[in-house]
Amino acid sequence: MARKATAVVHGAATIVNAIALGKGAAFGVDLWTKAEVILTNEPGVIEAEIFSDSKESTLLIERTVIRVLQRFSLENSFGARIKTYSNIPIAKGLKSSSAAANAIALATVAAMGKKLDDLEIIKIGVEAAFDAKVTVTGAFDDACASYFGGVVITDNLNRKIIKQLPLPDELMVLFHVPPQKTYTINSNIARLQTVKPFVQIAYEKALEGKIWEALTLNGLIYSSAQNLNTSIVVDASAAGAVAAGLCGKGPAVSAVVPNDKLDSVKVALQRYEGEILMAHLNCEKAKVL
């Protein structure tokens, strides 16, 4: 047994948010989270540090490790020390929880010298996210796009991948990240579920391969449901973005942009308070380093 392992997983962005429908879609971006796991001889003792945001709760990390240990009936044999590093802002809608759970689950399995198939690793992370109350739907769509890269369309309620699509090479993603944090578990779910028929249209567009139309439509729908300003989406589109919309439940907005329009879209986003992050599209699968 190795007793120690490091895994890296990339980020994801929303195409269709699954809160209203129980089905969703997301795509991979090359933001990243790295998890280092060391198994110890102190059963029940899980020590975790989040280096990128030390004030955040470590409950998701703890629950993920415990679920992996339980999967192999080793929770009474080992404890663990975990460190995570990431350039994904937390609680902005940028899938920080999905990437973290994937990286921690993958590294923990590797540290134990065990093997699990990819979907089982993802599902352990999803269950841990429910345990830690950082998700409403399990975010299976986000977790799959984070783990596999590319476009992933899912049935979150039944934890099934419906369709996977490749991503084009010639596009970039700009994220507008406002200063405030928004935790998914605090969302007004009843209100968000009232837009279900409209989200269904966005989901069907994604299934047809019209992923950028789906992203923009989804963003407008969920922004309206949450009384968020949609003018940033319109401004990004007018400046040349092929798609723009809310990422997760927000507050971040993603804009998918051709290389030759990066500057003009960036100027449009900079009119609004917040930080701009740039990322490439990602098709690379999660891996143990």
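These questions and answers walk through a predicted model.

Visitor: At what angle do helix H2 and helix H3 pack?
Guide: H2 covers residues 96–111 and H3 covers residues 118–131. Their axes lie 8 Å apart. The angle between them is about 125 degrees.

Visitor: Is the crossing of H2 and H3 left-handed or right-handed?
Guide: The helices meet through Ala101, Asn102, Ala105 and Leu106 in H2 and Ile121, Ile122, Ile124 and Gly125 in H3. The residues of this contact divide into 6 nonpolar, 2 polar and no charged. The crossing itself is right-handed.

Visitor: Which element gives the largest share of the largest nonpolar core?
Guide: That core has 105 residues. Ile15, Val16, Phe27, Phe175, Trp212 and Val265 have the most contacts inside it. The largest share is 10 residues, and it comes from H2.

Visitor: Is valine 195 buried or exposed?
Guide: Valine 195 is found in the loop between helix H5 (189–193) and helix H6 (196–207). Its relative accessible area is 11%. Buried means under 20%, so valine 195 is buried.

Visitor: Which residues does valine 195 contact, leaving aside its neighbours within four places in sequence?
Guide: Valine 195 and leucine 21 are 174 residues apart in sequence. Their C-alpha atoms are 8.9 Å apart in space. With those sequence neighbours left aside, valine 195 is in contact with Ala20, Ile221 and Ala225.

Technical notes
Residues numbered from 1 in each chain as written. Predicted model: local features only at pLDDT ≥ 70, side-chain atom pairs only at ≥ 80, totals over all residues. Heavy atoms only, no water. Axes fitted to C-alpha atoms, helices over the stretch in contact; angles between N-to-C directions. Helix = DSSP H or I, 4+ residues; strand = E, 2+ residues; numbered from the N terminus. Left-handed = near helix turned anticlockwise from the far one by under 90°. Contact = heavy atoms within 4.5 Å. Nonpolar A, V, L, I, M, F, W, Y, C, P; charged D, E, K, R; others polar. Core = buried A, V, L, I, M, F, W, Y, C linked by side-chain atoms within 4.5 Å. Buried < 20%, exposed > 50% of the residue type's maximum accessible area, 1.4 Å probe, protein only.
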